[in-house]
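This report is meant for a reader who is meeting the structure below for the first time. Please look over the sequence and the model before reading on.

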Amino acid sequence: MKTTFTTQLKKGFTLIELLVVIAILATLAGISTPVIMGQMDAAKESAARKTCMDIVEGATRFRTDYGMLPYRASKTAEPSEDNNFQVSLITADDKDADMLAILTNREEVDDDERMNINKDYYIRSDEQEKKVDGLYVDPASGTLGLYDPWGKPYYVLMCEENDGCTDPFTGKSLRGKNCIAYSLGSDGQGAAPERVIKKKRKKSKKDKQAEAAAIEEEEAAEAIADNIYSWKKVSN
């Protein structure tokens, strides 16, 4: 007698089962995405803070070696006695008064005009093809720029006096600090040196003016809190 065997085909997923699987995957993605994004933001903040510290350390070492700060006075505003002979620099292309060229040993001048006489490297940074997270060399002009992980330049304050730089946000003297640096953070909307937070206005007779002043002050404080500093750590 001939025996026949029949093979039972396995059934595929039903529509309901597929929807359940998709829902589970979506839930897992929703849970893990904020964690991953948070870790990425933290890594960028850490990188920006390190660069701020590298700038300060490089400028401080240069001042120790040569008795002066690494910038060309002829390419920046004259330091004012009102703010402790302090200058404001920005590490965007061609706006840092040759600070980056001096600290990275890239001065394109004759040897007798060099400020970095010994040709030392006070800052080391890999060149980037785009203006983000490192040193950028403009292909046309050759000018340098140093950018944070969000594609914004750093802000640097240098002061000649030993009393230290003035905190651009509080107006307090930072004794012993002849150079400070900061990044505008992830939102890129922090205050720059020339945009010092305004002093609290006197209470106005009109409620609308008082409310507008309070909102302005709160927004300025929030923007400053997002900054990455070389001289203090802000806990959000």
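## A salt bridge between glutamate 127 and arginine 106

The side chains of glutamate 127 and arginine 106 meet in a salt bridge, with 3.0 Å from N to O; the term salt bridge stands for a side-chain nitrogen of Lys or Arg within 4 Å of a carboxyl oxygen of Asp or Glu. This pair links distant parts of the chain, since glutamate 127 belongs to strand β2 and arginine 106 to the loop between α2 and β2, 21 residues apart. Helices (H or I, at least four residues) and strands (E, at least two) are DSSP runs, numbered from the N terminus. Glutamate 127 counts as partly exposed at 48% relative accessibility, and arginine 106 also counts as partly exposed, at 30%. For these terms, buried means under 20% relative accessible area and exposed over 50%, with partly exposed in between (1.4 Å probe, protein chains only).

The model is a predicted one, in which local features need pLDDT of at least 70 and side-chain atom pairs count only at pLDDT 80 or more, while totals for chains, interfaces and linings use all residues. Residues are numbered from 1 along each chain as its sequence is written, and side-chain values use heavy atoms, with hydrogens and water left out.

## The chain as a whole

The secondary structure of the chain comes to three helices and nine strands, and from the N terminus on its elements run α-β-α-β-β-β-β-β-β-β-α-β. Of the 236 residues in the chain, buried residues make up 36%. The accessible surface comes to about 15700 Å², of which 52% belongs to carbon and sulfur atoms; accessible areas come from the Shrake-Rupley method with a 1.4 Å probe, and for residues only the protein chains shown count as cover.

Contact means heavy atoms within 4.5 Å. Among contacts between residues at least 6 apart in sequence, 58% join residues at least 24 apart.

## Aspartate 93 and its partners

Side chains of opposite charge can pair when their charged atoms come close. Aspartate 93 forms a salt bridge with lysine 131, and the closest N and O atoms are 3.3 Å apart. Aspartate 93 is buried, with a relative accessible area of 15%, whereas lysine 131 counts as partly exposed at 38% relative accessibility.

The side chain of aspartate 93 also makes a polar contact with the side chain of tyrosine 147, at 2.5 Å. A polar contact is a pair of N or O atoms within 3.5 Å; within protein, one must be able to donate a hydrogen and the other to accept it, and residues adjacent in sequence count only if both atoms are side-chain atoms. Once neighbours within four places in sequence are left aside, the residues in contact with aspartate 93 include Tyr136, Asp138, Thr143, Leu144 and Gly145.

## A network of salt bridges

How many salt bridges does a search of the whole structure find? The search finds eight. One of them joins glutamate 107 and arginine 114, whose closest N and O atoms are 3.9 Å apart. Glutamate 107 counts as buried at 8% relative accessibility, and arginine 114 counts as buried at 10%. Through shared partners, salt bridges join Arg72, Lys75, Asp98, Glu107 and Arg114 into one network.

## Nonpolar cores

A nonpolar core is a set of buried Ala, Val, Leu, Ile, Met, Phe, Trp, Tyr and Cys residues joined through side-chain atoms within 4.5 Å. The largest such core has 30 residues, and those with the most contacts inside it are Ile55, Phe62, Tyr71, Leu89, Met99, Val156 and Met158. The elements that give two or more residues to this core are α1 (15-66), β1, α2, β4 (144-147), β5 (155-159) and β8 (179-183), and α1 gives the most, with seven residues. Apart from this core lies another, of 12 residues, among them Cys159, Cys165, Tyr229 and Trp231.

Beyond its neighbours within four places in sequence, isoleucine 55 is in contact with residues including Met99, Leu103, Ile123, Val156 and Ala181.
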